[in-house]
Amino acid sequence: MCTVGGPVDIEFNERVKGTNYRCKECGEKFKGIGKRPMCPSCQSEDVEEV
Ligand SMILES: [Zn+2]
């Protein structure tokens with residue numbers, strides 16, 4: 001399971017429980033599970049729900 005790039009990710013995310021987040025530091029979009037999501041790219045906790 002790779003989540004790299006592409007519009008397919010949007011459809012994929014809707015099928016899986018989790019919240020979509022965007023990192024305020026680097027702009028990385030990722031799906032976080034839990035109360036303290038962390039950016040997988042830069043390890044920042046400064047993220048917002050999207
Ligand atoms: Zn980041």
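Trainee: How are the donor residues of the zinc ion spaced in sequence?
Mentor: Please bear in mind that this is a predicted model. The protein donors of the zinc ion are C23, C26, C39 and C42, each through its SG atom. Read along the sequence, the spacing of these donor residues is C-x2-C-x12-C-x2-C.

Trainee: Which arrangement do the 4 donor atoms around the zinc ion make?
Mentor: The SG atoms of C23, C26, C39 and C42 lie 2.3 Å from the zinc ion. The angles subtended by the 4 donor atoms run from 106 to 117°, and four donors count as tetrahedral if all angles lie between 85 and 135 degrees. The arrangement is therefore tetrahedral.

Trainee: Is C23 buried or exposed?
Mentor: The cut-off for buried is under 20% relative accessible area. C26, with 40% relative accessibility, counts as partly exposed. C23 has 3% relative accessibility, so this residue counts as buried.

Trainee: Which strands stand at the edges of the sheet?
Mentor: The open sheet has 3 strands in the order β2-β1-β3, with antiparallel pairing. Two of these strands have a single partner strand each, so one side of each is left without a neighbour in the sheet. The edge strands are β2 (29-32) and β3 (47-49).

Trainee: Which residue in β3 is the bridge partner of R22?
Mentor: Strand β1 covers residues 19-23 and pairs with β3 in the antiparallel sense over 3 bridges. In β3, the bridge partner of R22 is E48.

Terms used: Residues numbered from 1 in each chain as written. Predicted model: local features only at pLDDT ≥ 70, side-chain atom pairs only at ≥ 80, totals over all residues. Heavy atoms only, no water. Donors = N, O, S within 2.8 Å, 3.2 Å for Na, K, Ca; no water. Tetrahedral: all angles 85-135°; square planar, octahedral: opposite > 155°, others 65-115°. Buried < 20%, exposed > 50% of the residue type's maximum accessible area, 1.4 Å probe, protein only. Pairing = 2+ DSSP bridges. Helix = DSSP H or I, 4+ residues; strand = E, 2+ residues; numbered from the N terminus.
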